[in-house]
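Biologist: Let us go through this model label by label. I will ask what stands behind each term.

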Amino acid sequence: MSTSFLLFAVLLFAAVMLLVWGVYVGWQTHRNPEAERIARRLRSVIGAETRQADVTIVKERRLAVSPELHVLLRRLPGARRLDRMLVQAGARYLLATLLARCAGAFVAGLVLGAFLRLPAVLIVACASGMVALPLLWLVRAKERRMAQFERQLPDALDMMSRAMRAGHAFPTALKLVSDEMPAPLGEEFKAAFDEVNFGVGMGDALNGLAQRVPSMDLQYFVVAVLIQRESGGNLTELLNSISAIIRDRHKLAGQVRVLSAEGRMSAWVLCLLPFGAGMLMYSANPGTMSVLFTDPAGRKLLFGALGMMAFGVLAIRKIVRIRM
């Protein structure tokens, strides 16, 4: 694959992205001038020109270092969802950095496909697969962080229960957990306590905590606390009960994981065995295996085998992955 084709593919990708963005901005600007004029008059009547209703004490998370790029990314669909994934994964970089890594992975995929002299369709497929690598890493980091958070949650609930039994208020128990527990639970509880300390309602702070951490166990805790604050009751006993339930559920999940370990190991063996056998056969007699790559019928058989392997992996994953 020539360098000119590679440069053409990169320029074509950039041109399509700029075209889509230009159409979107034009549509946003000229979609309904009459409705925009009425909205301006309503804002002037209710005194919203001072933007007092938009003032918030919670700092807005930036999407990029540059203010212009931040405004640009705010208008992109799905930008807030990706930014929330960055927060949930505990990433220390902004959304603009993630998009830059995806673009770099796309270019690397094009270069790799051109270096291997693949067909144009496979080059595009390789570049698209490389774009997904930063996103897959982000999803994996989010899952690890959420799993660690759920392991720390029972100890945090026990600590809050002991603090409240000793006479401390709920916000003080929240601060104690944020100071004593390590990340990620300590960081999230500290953010919730800071919001309460700056004037945000306890219910809003706990709901924000549940939105930042998509954990079912944490949602049980938030719902229980909010109901107790409205109807009353013994919160210390409630926290102890939730902690015991979470520990029992984790114990049952561990037993299920042990019992399903044989199925997961079978999946790994069945997935890696064809590649290992193919490498041994290629090292012993390269001419025999080269037919799969040079002959059109061999390539069809190869793609068909890969498709069936992918289907088998998904089926085994569905069987052995038991949600608690």
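Modeller: Start with the term patch. A nonpolar patch joins nonpolar side chains within 5 Å, taken from residues with over 30% relative accessible area and no salt bridge. Bear in mind that this is a predicted model.

Biologist: Which residues form a nonpolar patch on the surface?

Modeller: Met265, Trp268, Val269, Leu272 and Leu273 do. Together they have about 570 Å² of accessible area.

Biologist: Why is Trp268 called exposed?

Modeller: Exposed means over 50% relative accessible area. Trp268 has 57%, so Trp268 is exposed. Trp268 lies in helix H12, residues 261-284.

Biologist: What is the secondary structure of the chain?

Modeller: The chain has 14 helices and zero strands. Buried residues make up 27% of its 324 residues. The accessible surface comes to about 21,300 Å², and 66% of that belongs to carbon and sulfur atoms.

Biologist: What share of the contacts with a separation of 6 or more comes from residues 24 or more positions apart?

Modeller: They account for 59%.

Biologist: Now H7. Which of its residues are buried?

Modeller: In helix H7, residues 170-180, the buried ones are Phe170, Ala173, Leu174, Val177 and Ser178.

Biologist: How do you know that they are on the same side of H7?

Modeller: They cover an arc of only 140 degrees around the axis, and this puts them on the same side of H7. The general rule is helix geometry: an α-helix has 3.6 residues a turn, so residues three or four places apart point the same way.

Biologist: Which helices do the buried residues of H7 pack against?

Modeller: They pack against H6 (120-165), H8 (185-197), H9 (202-212), H10 (216-231) and H11 (235-259).

Biologist: Which residues in the largest nonpolar core touch the most other members?

Modeller: That core has 32 residues, and Met160, Phe170, Phe189 and Phe221 touch the most other members. The elements that give two or more residues to this core are H6, H7, H8, H9, H10 and H11. H6 gives the largest share, nine residues.

Biologist: What is Phe170 in contact with, beyond its neighbours within four places in sequence?

Modeller: Phe170 is in contact with Met160, Met164, Met202, Leu206, Phe221, Val225 and Leu235. Apart from this core lies another, of 15 residues, including Leu63, Met85, Ala91 and Leu95.

Biologist: What makes Thr236 buried?

Modeller: The cut-off is under 20% relative accessible area. Thr236 is at 10%, so Thr236 counts as buried. Its place is in helix H11. Leaving aside neighbours within four places in sequence, Thr236 is in contact with Ser161, Met164 and Arg165.

Biologist: On to charges. How many salt bridges does a search of the whole structure find?

Modeller: The search finds 11.

Biologist: Why is the pair of Arg145 and Glu187 called a salt bridge?

Modeller: The test is a side-chain nitrogen of Lys or Arg within 4 Å of a carboxyl oxygen of Asp or Glu. In the pair of Arg145 and Glu187, the closest N and O atoms are 3.3 Å apart, so the pair passes. Arg145 is in helix H6 and Glu187 in helix H8, 42 residues apart.

Biologist: Are these two partners buried or partly exposed?

Modeller: Arg145 is at 10% relative accessibility, so Arg145 counts as buried. Glu187 is at 34%, so Glu187 counts as partly exposed.

Biologist: What makes Glu188 and Arg145 a salt bridge?

Modeller: Their side chains meet at 3.2 Å, N to O. The limit is 4 Å, so this pair qualifies. Glu188 lies in H8 and Arg145 in H6, so the pair ties together parts 43 residues apart in sequence. At 6% relative accessibility, Glu188 counts as buried.

Biologist: How far apart are the closest N and O atoms of Arg212 and Glu195?

Modeller: They are 3.5 Å apart, in a salt bridge. Arg212 lies in H9 and Glu195 in H8, so this pair ties together parts 17 residues apart in sequence. Arg212 and Glu195 are both buried.

Biologist: Which residues are linked in a network of salt bridges?

Modeller: Arg92, Arg145, Glu187, Glu188, Glu195 and Arg212 are.

Definitions and conventions
Residues numbered from 1 in each chain as written. Predicted model: local features only at pLDDT ≥ 70, side-chain atom pairs only at ≥ 80, totals over all residues. Heavy atoms only, no water. Patch = residues over 30% accessible without salt bridge, like charges linked within 9 Å, V, L, I, M, F, W, Y side chains within 5 Å. Areas by Shrake-Rupley, 256 points an atom, 1.4 Å probe, with all protein chains shown as cover. Helix = DSSP H or I, 4+ residues; strand = E, 2+ residues; numbered from the N terminus. Buried < 20%, exposed > 50% of the residue type's maximum accessible area, 1.4 Å probe, protein only. Arc of directions from axis to C-beta. Contact = heavy atoms within 4.5 Å. Core = buried A, V, L, I, M, F, W, Y, C linked by side-chain atoms within 4.5 Å.
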